[in-house]
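Here's a quick briefing to read with the model open beside you. Have a look at the chains first, then work through the notes below.

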Amino acid sequence: MNWEAFWLTVRLAAIVSALLIAIGIPIAYWLTYSRWRWKFLVEAAVALPIVLPPTVLGFYVLLALGSRSPLGRWWESLTGHTLAFTFEGLVIGSLLYSLPFAVQPFAASFGAVDPSLLRASASLGQSPLQTFRRIVLPLSKAGLVTGFALSFAHTLGEFGVVLMVGGNIPGVTRTISIDIYDQVQTANYSSANQTALLLLIVSFVVLSIVYGMSRRPWAVGPWR
Amino acid sequence: MAVNSAPQPISSELEVRIRKRFPNPEGSFNLNVHFRALAGFTILFGASGAGKTTLLDCIAGLADPDDGRIAVGGEDLYHSERKRNVAAWKRRIGYVQQDLALFPHLTAGENVAYGLRMFSAVEQTTRSREILEAFRITHLRDRRPSQISGGERQRVALARALVAEPRALLLDEPLAALDRPTKSSLVGDLRRWNQQHRVPILFVTHNSEEVFALGDEVIVLDGGIIVAQGRPHEVMRVPRLETVANLSGFENIFNATVLALHEDRGTMTCQLGSGKVELETPLVRADVGSRLRVGVRAGDLLLATEKPHGLSARNVLPGTIQRLEQRDVIIAARVDCGGTEFEVHLTLAARDALQLGSGKAVWVVVKTHSCHLMGM
């Protein structure tokens, strides 16, 4: 059992899902309320990681992070090393990879808030942002929890993107799923089994929390 | 400038002159209205689809008119020529939507205090407490909307809209779901509030009874345009204008003269024939002194052998039974009430229980809404 890889993965998933709360809420807000006619293109782009092979996504992220891309050069001039094959690079790759798993539940729960509540809030003198903070966010608790948990669980188990972007550096980019792969490659089945079982249990617990929460009619209120 | 002139009170008039295309189940209508609403109730009356809610949405800033002007207290909220369109949340127009839209995650007290963010904490508490008391919902303060009754929700929604002291108030069928006693007590509280604040209140309804009950000014909207405007009895149609074809259904038909109109109650007093009998009937579009016909079905009348007390019926007339006549299982009684004769239908059992017979003194009870009015 490789605890180093386990804690690295948990740290990665926690950072990514926390960042996705911060990034995903504004994106979901925009997707919910924008009336831009080309909005569907953005929706499609956000959903892309769901269908795209992780290796494809990882490949492009690697190119973007590498020293030949403007982003990679900028980072290199700032820090002296490239983003590829670092933990930071892994975070960026995972953010893109798990983005739809945060944004879609967020946007779905924002969109489920009764528009007449928003109208009432406006007629009570509250700006759109105040309305969002005081009405939409509290009524979207279930969606926020779901998005957080799904992106956490999704990041926990990612393989392709990590391998492409991060490689396999122990303590830096070797995550638990890559560790399992390594163990299987070296025919170390009992260790692989332990790690796989742990990942299975953690994922199941996270998803149980999500479905347990969304069963409650939060939109109407947890007080019922 | 005149010296010593009293300071002019700030005009709280609401002026609306807008056009807007709006979709509706039968295609689309053009809303095209121009009216002024002074402080007090102005009733917007019309069938569903007439454009009432669209009009309110435009005034509240929740929908944009195609062009025109909306002003409150002389300040433009919307002015297409001047490219002015104040955002809904900056308009200070109270709006109680048909579905009330109480915030489900907040208690009644938090709902009411929701729009008070600009005031200090002390001011928020004071204002909330006052409005909760004025609308008699203090005891509901800690309950959520899902835990209170429909009438109570209505009060919370009204209190929430009024507490921030809006410059005008829009009410979209706020009484629709309420029973009559709840309605009238809510209207009473609203009237008391408005005596102190004097703002224009646009009150949408498709119920003609509410129009008469609220009095004041009525604007009748049909297919997006104003088809009539004025006092309720001037603009409302006769509630039930009976045709000659229907006369056969009425055993009692009297010529009558209108003696007085009671707009506040939605009734009027009519004198029957040349006799002494006066009936309170539903209000119709008629002037005092005009002549019409009143029809009452014999089966809608009640007889009492003692003068009834505590009765909701407005008309209790003393009389004497002239004769009783049995038709199958019905007893038709002819009752003379000071020169006007009524036919009253009873059951056999009622005749026996009341020991009715010729010459017996009785009281005839006539409900206001059993009186059907017909043109001459």
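**Where the chains meet**

In this predicted model, the contact draws on 17 residues from chain A and 20 residues from chain B. On the chain A side, α6 (115–123) and α7 (128–139) each put in at least two of the residues that touch chain B.

- α6(A) gives the most to that side, with six residues.
- Sorted by class, the side of chain A that touches chain B has nine nonpolar, six polar and two charged residues.

**Chain A overall**

- Chain A has 11 helices and zero strands, so its pattern along the sequence is simply α-α-α-α-α-α-α-α-α-α-α.
- Its C-alpha atoms fill a box of roughly 65 × 45 × 30 Å along the principal axes.
- Of the 224 residues in chain A, 42% count as buried.
- Take the contacts in chain A between residues at least 6 apart in sequence: 74% of them join residues at least 24 apart.

**A helix pair in chain B**

- Helix α4 (residues 150–162) and helix α5 (residues 180–197) of chain B pack at an angle of about 15°, and their axes are 11 Å apart.
- Because angles under 35 degrees count as roughly parallel, that makes α4(B) roughly parallel to α5(B).
- The crossing of α4(B) past α5(B) is right-handed.
- From α4(B), the residues involved are B:Gly151, B:Gln154, B:Arg155, B:Leu158 and B:Leu162, and they meet B:Thr182, B:Leu186, B:Leu190 and B:Trp193 in α5(B).
- By class, this contact of α4(B) with α5(B) comes to five nonpolar, three polar and one charged residues.

Terms used
Residues are numbered from 1 along each chain as its sequence is written. Chains are lettered from A and ligands numbered from 1 in the order in which they are written. This is a predicted model: local features need pLDDT of at least 70, side-chain atom pairs count only at pLDDT 80 or more; totals for chains, interfaces and linings use all residues. Two residues are in contact if their C-beta atoms, placed from the backbone, lie within 7 Å. Helices (H or I, at least four residues) and strands (E, at least two) are DSSP runs, numbered from the N terminus. Ala, Val, Leu, Ile, Met, Phe, Trp, Tyr, Cys and Pro count as nonpolar, Asp, Glu, Lys and Arg as charged, and the others, Gly among them, as polar. A residue is buried if 20 or more other C-beta atoms lie within 10 Å of its own, exposed if 12 or fewer, and partly exposed in between; C-beta atoms are placed from the backbone. Axes are lines fitted to C-alpha atoms, for helices over the stretch in contact, and angles run from 0 to 180 degrees between N-to-C directions. Angles under 35 degrees count as roughly parallel, over 145 as roughly antiparallel, 65 to 115 as roughly perpendicular and the rest as oblique. A crossing is left-handed if the near helix is turned anticlockwise from the far one by less than a right angle, and right-handed if clockwise.
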